[in-house]
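Subject: A structure to look through, with notes

Dear colleague,

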Amino acid sequence: MVLEVDGVKLETAPWDPRFPNTNQTKYCYQSFLDYQRCKKIRGEEFDACQYYKRVSKSICPNAWIDKWNTQIEENRFPGNI
Amino acid sequence: MTWLKLSFQNSNSPLMEQLIFFHDHTIFIIIMIMSTITYMMLFIMNNKFINIKISENQMIEFIWTTTPPIILIFIAMPSLHLLYLMDEIKCPILTIKIFGHQWFWSYEYSDFSNIEFESYMMNDLNKENFRLIEVDNKTIIPFKFNIRLLISSDDVIHSWTIPSLAIKIDAIPGRMNQINLFMNRPGMYFGQCSEICGINHSFMPIQIESINLNKFIYWIKNF
Ligand SMILES: [Cu+2]
């Protein structure tokens, strides 16, 4: 559901059938990983990558994203990008 | 003191309305059982009759073993129904991330702009504020919309609770817990941390300000 009021677009990460439970930790990690993989292959400006970026931004705590970004910068991120 | 304190808070979400109905339904069944049992016990104690047909009476054995499970089904069915309804997430328009800390809550709205704030208990005693339950930065949420809440913690386990919205969900470090929030009307709604989290556990209240969508957008733009 996308709602636009006064120029602010109310849009958030949709319900994902891969993560039907209360625990959404993996939804956050998976969308962050998908964004990094997408960025590596298609570049940051690619439309589909922006989708993953938005979802990970909506679901992940800002502190986790910051932590993972520093890990990527310092080349010690444990995920397979 | 008023009678209100002995009962539930007024409900502000469809789920809480249903939970109150369920509570009343269950209490009704309990009262019926209790009064029947009390009557039977008093009756047996206060007369000298002896039931010579009590042993090997297949009929009464059958009745008093089958009726309790049937009564339990009438409690379990609506209970499970509500339990699974509470887990449901329904096309949210907004995601709010909530983090428990020792001893305050912090909130992140990062769908459009990056709004982050911390809400501490107000500690000044005056006649305008509710004691021990008001916070400095209230959580602004629009009513009549489905909102996704993601609850986590930065240190120990906390629990984010709003009784009038039927929300109680643990904030566990390293894990995001999701729950749906839907409010019927505007107003202020209060809650407190519900998992013993340390010395100031009692002093990390939750305060929600429910406002209409246009006012909410105005708040976002002017944050
Ligand atoms: Cu706490």
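This is a predicted model: local features need pLDDT of at least 70, side-chain atom pairs count only at pLDDT 80 or more; totals for chains, interfaces and linings use all residues.

Chain A

If you take the contacts in chain A between residues at least 6 apart in sequence, 51% of them join residues at least 24 apart.

Two packed helices are described by the angle between their axes and the distance between the axes, and the pairs below are set out in that way.

Begin with helix α1 of chain A, residues 25-42, and helix α2 of chain A, residues 47-59, whose axes come within 8 Å and cross at roughly 150°. Because angles over 145 degrees count as roughly antiparallel, α1(A) and α2(A) are described as roughly antiparallel to each other, and α1(A) passes α2(A) in a left-handed crossing. Among the residues that make this contact are A:C28, A:F32 and A:Y35 of α1(A), together with A:Y52, A:V55 and A:I59 of α2(A). The residues of the contact divide into 10 nonpolar, 2 polar and 4 charged.

The helix α1(A) also packs with helix α3 of chain A, residues 62-73, and here the axes come within 12 Å and cross at roughly 40°. These two helices are therefore oblique to each other, and α1(A) passes α3(A) in a right-handed crossing. On the side of α1(A) the residues are A:T25, A:C28, A:Y29, A:F32 and A:Q36, and they meet A:W64, A:I65, A:W68, A:N69 and A:I72 in α3(A). This contact divides into 7 nonpolar residues, 3 polar and no charged.

A helix pair in chain B

In chain B, helix α1 (residues 14-45) and helix α2 (residues 58-87) pack at an angle of about 165°, with their axes 11 Å apart. The two are therefore roughly antiparallel to each other, and their crossing is left-handed. The residues that meet include B:L15, B:F22 and B:I29 in α1(B) and B:F74, B:L82 and B:M86 in α2(B). The residues of this contact divide into 12 nonpolar, 4 polar and no charged.

In soluble globular proteins, nonpolar side chains tend to be buried together. In this model the largest nonpolar core has 40 residues, and those with the most contacts inside it are B:Y109, B:L149, B:W160, B:L181 and B:F216. Helix α3 of chain B, residues 213-221, gives the most to this core, with 5 residues. Apart from it lies another core, of 16 residues, among them A:C28, A:V55, A:W64 and A:F77.

Which residues does B:Y109 touch, once its neighbours within four places in sequence are left aside? B:Y109 is in contact with B:L94, B:T95, B:I96, B:N114, B:I115, B:F117, B:T139, B:I140, B:I141, B:F216 and B:W219.

With best wishes

How values were computed. Residues are numbered from 1 along each chain as its sequence is written. Chains are lettered from A and ligands numbered from 1 in the order in which they are written. Side-chain values use heavy atoms; hydrogens and water are left out. A nonpolar core is a set of buried Ala, Val, Leu, Ile, Met, Phe, Trp, Tyr and Cys residues joined through side-chain atoms within 4.5 Å. Buried means under 20% relative accessible area, exposed over 50%, partly exposed in between (1.4 Å probe, protein chains only). Helices (H or I, at least four residues) and strands (E, at least two) are DSSP runs, numbered from the N terminus. Contact means heavy atoms within 4.5 Å. Axes are lines fitted to C-alpha atoms, for helices over the stretch in contact, and angles run from 0 to 180 degrees between N-to-C directions. Angles under 35 degrees count as roughly parallel, over 145 as roughly antiparallel, 65 to 115 as roughly perpendicular and the rest as oblique. A crossing is left-handed if the near helix is turned anticlockwise from the far one by less than a right angle, and right-handed if clockwise. Ala, Val, Leu, Ile, Met, Phe, Trp, Tyr, Cys and Pro count as nonpolar, Asp, Glu, Lys and Arg as charged, and the others, Gly among them, as polar.
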